Amino acid sequence: MTLTTQGVNQDNEMMGRETPKRPPSSTFPVSLVLAGSMAVLVLSAVVLVLFIGLWTSQRNTIDLLNDRSELILGSIESDVRAYLNPAQAQVEFIRRRIATGQVDPEDHQRLSDLLSGSLAAAPQIEVMSYWHSDFRQLVVLNDSPGAAAQVLEIETDASETAQIKDARARKANGPFWDDIVFAPEVGISYVNLVQPIRKDGEYVGFLAVGVSLPELSKFVTEVGDLFDTNAFILYGRDRVLAHPLLTQPHPEQTIDNPVVALQRVGDIVLEEIWSGEPAELFDRAAKAGVNVVVMEVGDVEHVAIYRWINEFGSPPWAIGAWLVSDDADAELERLAFAAAAGLGIAILATLMAVWLGRRLSRPISLLARSATQIGALDLSHVRSLPGSRVRELNDQALAFNSMLAGLRWFETYVPRTLVTRLIQTGDATSLESQERILTVMFTDIVGFTAESERLPAGEIASLLNEHFALLGGCVDSEGGTIDKFIGDGLMAFWGAPDEQADTAVRACRAALKMVRAVEAENAKRAVNRQTPIRVRVGIHTGPVVVGNIGAPGRMNYTIVGDTVNSGQRLEALGKDLDRGDYVTILASDAVVSQAEDIDGTFEAAGSFQVKGRVREISVYRLLPATTVTE
């Protein structure tokens, strides 16, 4: 569509524009209003909270455990993972070296050097063993930090334990944490990671690395000491994997029972963990997977926190810690008192905030409603915003009113359908040129050139404004897009920017509405002894190129092509087929073939060769239920 000032009435009252209201003579910044109000609220709250604080303890058990439980367990868990994850990195490194042929597992000297180097890189790993598929075993041991690794002799171990590991390794696609293993020669149990080894797709053996439980207990103890807690790792529900009391080999560990039973560790608090009651008011910790239980041991209340993890094989591990709860019941009573007092303060502050917020939100709500109407391009119902004593709100009203005035000018020049499409999609690329099947309409006033020669310019502009408003309303009511006004004519189309399946039907209905509109207008003109208006309409359906066309600084959303030219020729053909009707509507056979369920009929007018086309066009006259003539 071409932006044009032809026929535009620039009178503000005619366009329905309002003059922006003048701002109040004095205003106040919103920062001052809010700061003053909130200062009173905060001062009142602080005074009351400080008064309550004199009657309450500085410690809050529930808040402490909610906050610290996640921190403690998160730290212990992350540290344990960091302690064990290097084992996975090392077995993957060794697997790649063997799988790529850099190390031949049959070359035991190179293999032992590789395993010794890996032990040095991960001091928490105390033993590495490589098992050939025929159960030959190479073991590298490092039983003291900083010492050189000890390579044990190659021996064959086809025991039931070795066969079970081998069977699991053959089925595995990657490393897995296997059962805890007890080494009778050193009297130590190990957390056991197994990595299957394949070369050229063939299984050649597996690698097993061990982290000793005493060293793991030492590490867990150090982590627990950071939080003044007794950290532990349970192996299922009835055995203890790591604990401050297990930093040395335990006499009850055997091949059949490599992990010490819970009741044999000597921690009387931990023994009661499954008899403890779930602690109340720990919903936040529970959502993070933290279990909190309260246990009564020797008339002293203890709290245990733990979390289950499943990454290290079966059974699952419970990583946790326990600590003494200091006067938890008394603290809860003080907490309840503080909560009740705080609730009263919160209610008072909320009521005051609601009152203040409603006072300040009224102009903002009005702005939101008006902005919604603008978003729907319903500018006729948008009202200017009133001024405000709050400076920022007053500036907002002035800016909005100025924007509204500009938008009302803008919609005078740009079709609403096009702007609506841009607002809805937010993508100007949807208006790029493309070929579509559209229906195009041209109109023209019969004898307007001669009529305009005897009328003054003001009356000509007024006549055209009223005429285009009349016909444009018919086009808009059927979802059409007005492309441009050409002198006393109008060009419109259907099917773009939004696709429409019934473009021909819509165009025909719009043309029939024009018949009724022109008839009504001519009835008024007859009362005023004015010459009736007669209009020619041409409608054609066919392929066109539609989209943004023009120069970079001046684009028009329009259509071009033979279909456009044919539509204009049909309108001009109305001169030859004029029977004196107020509105002569000529449509091509392409329109007739698609137009159904319209309040009118098509009458064959013949076949004609219009200018610019080689082949003739079958032309039909579209007649309403009652034909209007002079």
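Where is the place of Asp200 in the chain? Asp200 sits in the loop between strand E6 (188–199) and strand E7 (202–212). We'll come back to that residue after a look around.

## Getting your bearings

This is a predicted model, where local features need pLDDT of at least 70 and side-chain atom pairs count only at pLDDT 80 or more, while totals for chains, interfaces and linings use all residues. Residues are numbered from 1 along each chain as its sequence is written, and side-chain values use heavy atoms, with hydrogens and water left out.

The chain has 14 helices and 22 strands. Those labels are DSSP runs numbered from the N terminus: helices are H or I with at least four residues, and strands are E with at least two. Of the 630 residues in the chain, 42% are buried. Here, buried means under 20% relative accessible area, exposed means over 50%, and partly exposed is in between (1.4 Å probe, protein chains only). Now take the contacts (heavy atoms within 4.5 Å) with a separation of 6 or more: residues 24 or more positions apart account for 63% of them.

## An open sheet

Follow the order E10-E9-E8-E14-E13-E12-E11 and you trace an open sheet of 7 strands with antiparallel pairing. Two strands pair if DSSP finds at least two bridges between them. Strand E10 (260–261) and strand E11 (277–278) are at the edges with a single partner strand each, so one side of each has no neighbour in the sheet.

Inside the sheet, strand E8 (residues 230–235) and strand E9 (residues 239–242) run antiparallel and are joined by 3 bridges. Leu234, for instance, has Val240 in E9 as its bridge partner. Helix H5 (residues 213–225) packs on the sheet and touches E8 and E9, with its direction at about 75° to that of E9. For that angle, axes are lines fitted to C-alpha atoms, for helices over the stretch in contact, and angles run from 0 to 180 degrees between N-to-C directions.

In soluble globular proteins, nonpolar side chains tend to be buried together. A nonpolar core is a set of buried Ala, Val, Leu, Ile, Met, Phe, Trp, Tyr and Cys residues joined through side-chain atoms within 4.5 Å. The largest one here has 53 residues, and Leu115, Leu216, Ile233, Leu241 and Trp317 have the most contacts inside it. Helix H2 (residues 61–99) gives the largest share of this core, with 10 residues.

Which residues does Leu241 touch, leaving aside its neighbours within four places in sequence? Its contacts include Ile180, Leu213, Leu216, Ile233, Val259 and Trp317. There is also a second, separate core of 38 residues, with Val505, Ala511, Leu512 and Val537 among them.

Helix H3 (residues 108–121) has 14 residues and reaches 20 Å from its first C-alpha to its last, close to the 20 Å expected at 1.5 Å a residue. The expected span is 1.5 Å times one less than the number of residues. Buried in H3 are Leu111, Ser112, Leu114, Leu115, Ser118 and Leu119. They cover an arc of only 160° around the axis, which puts them on the same side of H3. The arc is that of the directions from the helix axis to the C-beta atoms. Gln109, Ala120 and Ala121 are exposed on the other side of H3.

Helix H4 (residues 160–171) has a similar story to tell. In H4, the buried residues are Ala162, Lys165, Asp166 and Ala169. Their arc around the axis is only 100°, which puts them on the same side of H4. They pack against strand E1 (127–132), strand E5 (176–183), E6 and E7. Exposed Glu160 and Lys171 are on the face turned away from the buried side of H4.

## Loops worth a look

Back to Asp200: its phi is near 55°, a positive value in a residue other than glycine. Asp200 is exposed, with a relative accessible area of 71%. Arg529, in the loop between H12 and strand E18 (535–551), has a positive phi of about 55° although it is not a glycine. At 80% relative accessibility, Arg529 is exposed too.

The one from Ser314 to Pro315 has omega near 0°, and Pro315 is in the loop between strand E13 (300–309) and strand E14 (317–324). Another cis bond joins Ala496 and Pro497, and Pro497 is in the loop between strand E17 (489–494) and helix H12 (503–527).
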